[in-house]
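Here is a short briefing for a first look at this chain. Take in the sequence and the model, then read on.

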Amino acid sequence: MSELENGMVTIIRAFHKYSGHKCKLKKAELKELINNEMNHFIQTLDQLFTDLDQNGDLEIDFPEFITLIAMVTSACHELFVICTFYSTTSFNWTEK
Ligand SMILES: [Ca+2]
């Protein structure tokens, strides 16, 4: 498998590691997943859980979970692009 395909499998495995056979994450399970697997990217949970739970069943199914992964990956990509830009230019933070 390619590196990208391996990444997709890793996301699926992480979801099922915490959701188990029911394929849905309760808030405590999502908190455990974030604390153990994404603690460098996500610090708060309460509002995030409400925003992710699109159907309001107080659980996070895989489509709702993959929305979280897409949002965090997109934010990381934007940060990566900004960091790459500033590390490859002679930008001076003290210039006005
Ligand atoms: Ca839900």
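Which residues make up the largest nonpolar core? They are Phe15, Leu25, Leu30, Leu33, Ile34, Phe49, Ile60, Phe65 and Leu68, nine residues in all. This is a predicted model: local features need pLDDT of at least 70, side-chain atom pairs count only at pLDDT 80 or more, and totals for chains, interfaces and linings use all residues. Residues are numbered from 1 along each chain as its sequence is written.

**Core**
- A nonpolar core is a set of buried Ala, Val, Leu, Ile, Met, Phe, Trp, Tyr and Cys residues joined through C-beta atoms within 7 Å.
- A residue is buried if 20 or more other C-beta atoms lie within 10 Å of its own, with C-beta atoms placed from the backbone.
- Helix H2 (27-37) and helix H4 (62-87) are the elements that give two or more residues to the core.
- H2 gives the most, with three residues.
- Of the chain's 96 residues, 10% count as buried.

**Fold**
- The chain has four helices and two strands, where helices (H or I, at least four residues) and strands (E, at least two) are DSSP runs numbered from the N terminus.
- From the N terminus on, the order is α-β-α-α-β-α.

**Contacts**
- Phe15 touches Phe62 and Phe65, leaving aside residues up to four places away in sequence; contact requires C-beta atoms, placed from the backbone, within 7 Å.

**Annotation**
- An unreviewed UniProt entry places "domain: EF-hand" at residues 40-75; such annotations may be inferred rather than shown by experiment.
- Residues 40-75 are 58% helix and 8% strand, with end C-alpha atoms 13 Å apart.

Notes
Buried ≥ 20, exposed ≤ 12 C-beta atoms within 10 Å, placed from the backbone. Contact = placed C-beta atoms within 7 Å.
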